[in-house]
Amino acid sequence: MAMQLYVGDIIQVKKQHPCGSNEFEIMRTGMDFRIKCLGCEKQLWIDRPKLEKRIKKIVKREEV
């Protein structure tokens, strides 16, 4: 069963981004996710299995 992730969710990942932040906002969902670093605003694409493995917790859930 896939993790329920929505556009606008703020997630915390296990390993921090080179800028020092470990929180990202989900910009797009699907097979590939577009996430934005909340520290430096850099956007990156990552596939679902990799992202689900790296998530530590969901910090803020977007109201659905």
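**A sheet, a pocket and some cysteines**

Let's begin with one cysteine, C40, which counts as partly exposed at 37% relative accessibility. Before I go on, please keep in mind that this is a predicted model.

So what about disulfides? The structure holds zero of them. C40 is in no disulfide either, with its nearest cysteine sulfur, that of C37, 3.8 Å away. And is C37 buried or exposed? C37 is buried, with a relative accessible area of 0%.

Now to the sheet. Five strands form an open sheet in the order β4-β3-β2-β1-β5, with antiparallel pairing. β4 and β5, the latter covering 55–60, stand at the edges with a single partner strand each, so one side of each has no neighbour in the sheet. On average, neighbouring strands here are turned by 40° against each other, ignoring direction.

Looking at one pair, β3, residues 32–37, joins β4 in the antiparallel sense over five bridges. Within that pairing, F33 has I46 of β4 as its bridge partner.

I46 also takes us to the largest pocket, as one of its lining residues. Other residues lining the pocket include H17, F24, L51 and R54. How much space lies in there? About 190 Å³. β4 (43–47) and α1 (48–54) each supply at least two residues of the lining. By type, the lining divides into seven nonpolar, two polar and three charged residues.

Methods: Residues numbered from 1 in each chain as written. Predicted model: local features only at pLDDT ≥ 70, side-chain atom pairs only at ≥ 80, totals over all residues. Heavy atoms only, no water. 1 Å grid on protein atoms, 1.4 Å probe; cavity = no way out; pocket = protein on both sides within 12 Å on 5 of 7 lines; lining within 4 Å. Points joined across faces, edges and corners; volume = space filled by probe spheres on them. Helix = DSSP H or I, 4+ residues; strand = E, 2+ residues; numbered from the N terminus. Nonpolar A, V, L, I, M, F, W, Y, C, P; charged D, E, K, R; others polar. Pairing = 2+ DSSP bridges. Axes fitted to C-alpha atoms, helices over the stretch in contact; angles between N-to-C directions. Disulfide = S-S within 2.5 Å. Buried < 20%, exposed > 50% of the residue type's maximum accessible area, 1.4 Å probe, protein only.
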